Amino acid sequence: MGLLLLTAVSPTVEAVVLVSLGFVATQGLAPQAAAVWPYDTYHDLRWLYVYHDSWSSFRLSP
């Protein structure tokens with residue numbers, strides 16, 4: 001039961017937050033949030049390279 005919660009809660013929370021913020025096209029990223037290495041790295045890299053405005057705004061973000 002713990003493994004199910006670990007792998008289901010984080011993608012669900014991410015999908016709910018993304019849709020509530022209006023990022024409907026990024027729903028496909030949510031399952032990769034709980035992926036094992038190295039597939040979880042693709043989740044982070046896709047956010048950095050595809051869904052970020054620019055490198056200058058990336059450096060200024062908290």
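Predicted model: local features only at pLDDT ≥ 70, side-chain atom pairs only at ≥ 80, totals over all residues.
User: What makes up the secondary structure of the protein?

Analyst: The protein has three helices and zero strands, and its pattern along the sequence is α-α-α. These elements are DSSP runs numbered from the N terminus: a helix is H or I over at least four residues, and a strand is E over at least two.

User: Why is Leu-4 called exposed?

Analyst: Leu-4 lies in helix α1 (residues 2-20). A residue is buried under 20% relative accessible area, exposed over 50%, and partly exposed in between (1.4 Å probe, protein chains only). The relative accessibility of Leu-4 is 54%, and therefore Leu-4 counts as exposed.

User: Which class does Val-13 belong to, and how do you know?

Analyst: Val-13 also has its place in helix α1. Its relative accessible area is 46%, so Val-13 is partly exposed.

User: What makes the nonpolar patch on the surface, and which residues form it?

Analyst: Met-1, Leu-4, Leu-5, Val-9, Val-13, Val-17, Leu-21 and Phe-23 form this patch, with about 810 Å² of accessible area together. Patch residues must have over 30% relative accessible area and no salt bridge; nonpolar side chains (Val, Leu, Ile, Met, Phe, Trp, Tyr) are joined within 5 Å, and like charges within 9 Å. A salt bridge is a side-chain nitrogen of Lys or Arg within 4 Å of a carboxyl oxygen of Asp or Glu. Accessible areas come from the Shrake-Rupley method with a 1.4 Å probe, and for residues only the protein chains shown count as cover. The accessible surface of the protein comes to about 4,800 Å², of which 69% belongs to carbon and sulfur atoms.

User: Why is Glu-14 called buried?

Analyst: Glu-14 is found in helix α1. Its relative accessibility is 16%, so Glu-14 counts as buried. Leaving aside residues up to four places away in sequence, Glu-14 touches Leu-29, Ala-30, Ala-33, His-43 and Trp-47; a contact means heavy atoms within 4.5 Å.

User: Is Ala-30 buried or exposed, and how do you know?

Analyst: Ala-30 is in the loop between α1 and α2. Its relative accessibility is 2%, and therefore Ala-30 counts as buried. Not counting residues up to four places away in sequence, Ala-30 touches Pro-11, Glu-14 and Ala-15. For Val-13 and Ala-30, which are 17 residues apart in sequence, the C-alpha distance is 8.4 Å.

User: How many aromatic pairs are there?

Analyst: Rings of Phe, Tyr and Trp (its six-membered ring) pair if their centres lie within 6.5 Å; planes under 30 degrees apart count as stacked, over 60 as edge-to-face and the rest as tilted. By this rule there is one aromatic pair. The rings of Tyr-39 and Tyr-42 have centres 6.5 Å apart and planes at 40 degrees, so the pair is tilted.

User: Where do Tyr-39 and Tyr-42 lie?

Analyst: Both lie in helix α2 (residues 39-49), three residues apart, about one turn of the helix. Tyr-39 has 49% relative accessibility, so Tyr-39 counts as partly exposed. Tyr-42 has a relative accessible area of 47% and is therefore partly exposed.

Technical notes:
Residues numbered from 1 in each chain as written. Heavy atoms only, no water.
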